[in-house]
Amino acid sequence: MPDNSLAGQMRSAAVALAGTLTGEQRELAVRPFADDGARRWLEYRPRLRAGACLAGLSLEGRKAAHRLLSTALSDHAFAQAMAVIALEEVLDRREEGQHVAEGGQQGRHSGDYWVAVFGDPAGDGPWSWRLEGHHLSVTMTVLGGEVSPAPVFLGANPARVSYAGRPVSRPLGPEEDLARDLLDALGPAGRALAIVSAQAPGDIRSGTSPRAAGRIEPAGIGSATLGPTSRAVLGQLTALYLDRLPPSLAAREAARAGAGELHFAWEGPTVPGQRHYYRIQGDDLLIEYDNTSNDGNHAHTVLRRPHSDFGDDVLAAHYQQSHG
């Protein structure tokens with residue numbers, strides 16, 4: 001019988017993808033699981049990265065890569081990811097004149113995304129996969145029937161494209177709007193605790209580090225001190241990021257996050273259109289958002305689990321059980 005579990009869906013999608021690859025593409029895309037340097041990787045800037053480039057794959061291969069990505073994301077998050085990819089063409093057009101004047105172009109294109117599989121999806125051991133490019137990085141680690149999600153990064157440049165003052169494209173709009181709703185719900189006293197700096201950082205604090213800090217200080221305001229309304233909005237904002245995952249994973253991660261206290265911190269002005277940043281932290285949860293480049297029109301968001309990124313949770317349990 002087919003395995004319809006989430007792990008089974010990922011396994012089938014990864015095997016189907018491998019079946020579309022040529023010998024050279026397979027050498028690029030299929031890596032040893034033990035290659036930690038390549039496997040523990042997060043890079044949302046336009047850089048060289050491990051894997052096979054989707055632009056070089058057949059139509060069947062590109063569809064297989066997108067299907068693999070869709071197993072890791074909810075419907076709305078998959079739509080956000082596809083919008084992020086499409087923005088590469090918008091950004092390329094915007095930059096064309098500037099880079100010609102400077103003597104070159106970035107050559108951005110919506111095929112500049114790379115897929116890699118680490119280990120053997122058809123085997124019994126741990127394996128993982130990643131689909132990544134500019135402003136998109138999704139990593140999933142699988143062991144048996146367990147799926148360990150994170151990091152999951154989505155960015156957008158431009159974050160907003162408007163016509164006559166109305167947004168035409170705003171893939172990460174809910175992530176900003178709900179955070180502003182939380183600021184409003186906190187009231188003056190709560191905002192005084194939550195806003196920890198008048199100036200936003202240049203980027204998310206965790207950056208491209210293979211290991212995120214367990215806690216970023218100052219932590220901001222704790223959920224235990226919030227009133228019912230602001231606590232509910234904080235829960236909605238946290239759920240917005242967890243609901244990027246398929247329902248079964250999102251429910252599991254929500255239970256983990258809800259078991260402890262959450263902290264919310266904001267940095268920068270609160271006036272819309274200016275550079276700003278926020279984070280949510282829990283026992284094994286880090287959510288970061290920044291909109292600090294290109295005059296506040298260039299957003300980064302990430303969902304990380306500092307103690308469990310890149311499958312550290314399922315791997316630790318596996319090695320403990322197998323090797324004591």
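Let me start with the word buried, which here means under 20% relative accessible area, with exposed meaning over 50% and partly exposed lying in between, for a 1.4 Å probe and protein chains only. This is a predicted model, in which local features need pLDDT of at least 70 and side-chain atom pairs count only at pLDDT 80 or more, while totals for chains, interfaces and linings use all residues. Residues are numbered from 1 along each chain as its sequence is written, and side-chain values use heavy atoms, with hydrogens and water left out.

I will begin with the charged pairs, where a salt bridge is a side-chain nitrogen of Lys or Arg within 4 Å of a carboxyl oxygen of Asp or Glu. By that rule the count comes to 23 salt bridges. One of them joins Asp3 to Arg11, with the closest N and O atoms 3.9 Å apart; Asp3 counts as partly exposed because its relative accessibility is 43%, whereas Arg11, at 18%, counts as buried.

Another salt bridge, at 3.0 Å from N to O, brings together the side chains of Glu176 and Arg180. Both residues lie in helix 6 (residues 173-194), four residues apart, which is about one turn of the helix; helices here are DSSP runs of H or I with at least four residues, strands are runs of E with at least two, and both are numbered from the N terminus. Glu176 is buried, with a relative accessible area of 13%, and Arg180 is buried as well, at 12%.

The side chains of Glu253 and Arg256 meet in a salt bridge of 3.2 Å, N to O. These two are three residues apart in helix 8, so they are separated by about one helical turn, and Arg256, at 34% relative accessibility, counts as partly exposed. The side chain of Glu253 also makes a polar contact of 3.1 Å with the side chain of Arg252, a polar contact being a pair of N or O atoms within 3.5 Å, where within protein one must be able to donate a hydrogen and the other to accept it, and residues adjacent in sequence count only if both atoms are side-chain atoms. Leaving aside neighbours within four places in sequence, Glu253 is in contact (heavy atoms within 4.5 Å) with Pro149, Leu242, Leu245 and Arg305. Glu253 also belongs to a network of salt bridges that links Glu146, Arg252, Glu253, Arg256, Asp284, Arg305 and Asp313.

Now to strand 11, residues 263-267, which is mostly covered, with five of its five residues buried. His263, Ala265 and Glu267 point one way from this strand, while Phe264 and Trp266 point the other way. As for its partners, where pairing requires that DSSP finds at least two bridges between two strands, strand 9 (residues 195-197) runs parallel to strand 11 and is joined to it by two bridges, with Ile195 standing opposite Trp266. Strand 10 (residues 221-222) is antiparallel to strand 11, again with two bridges, and there Gly222 has His263 as its bridge partner. Strand 12 (residues 276-282) is also antiparallel to strand 11, joined by five bridges, and Ala265 has Arg279 as its bridge partner in strand 12.
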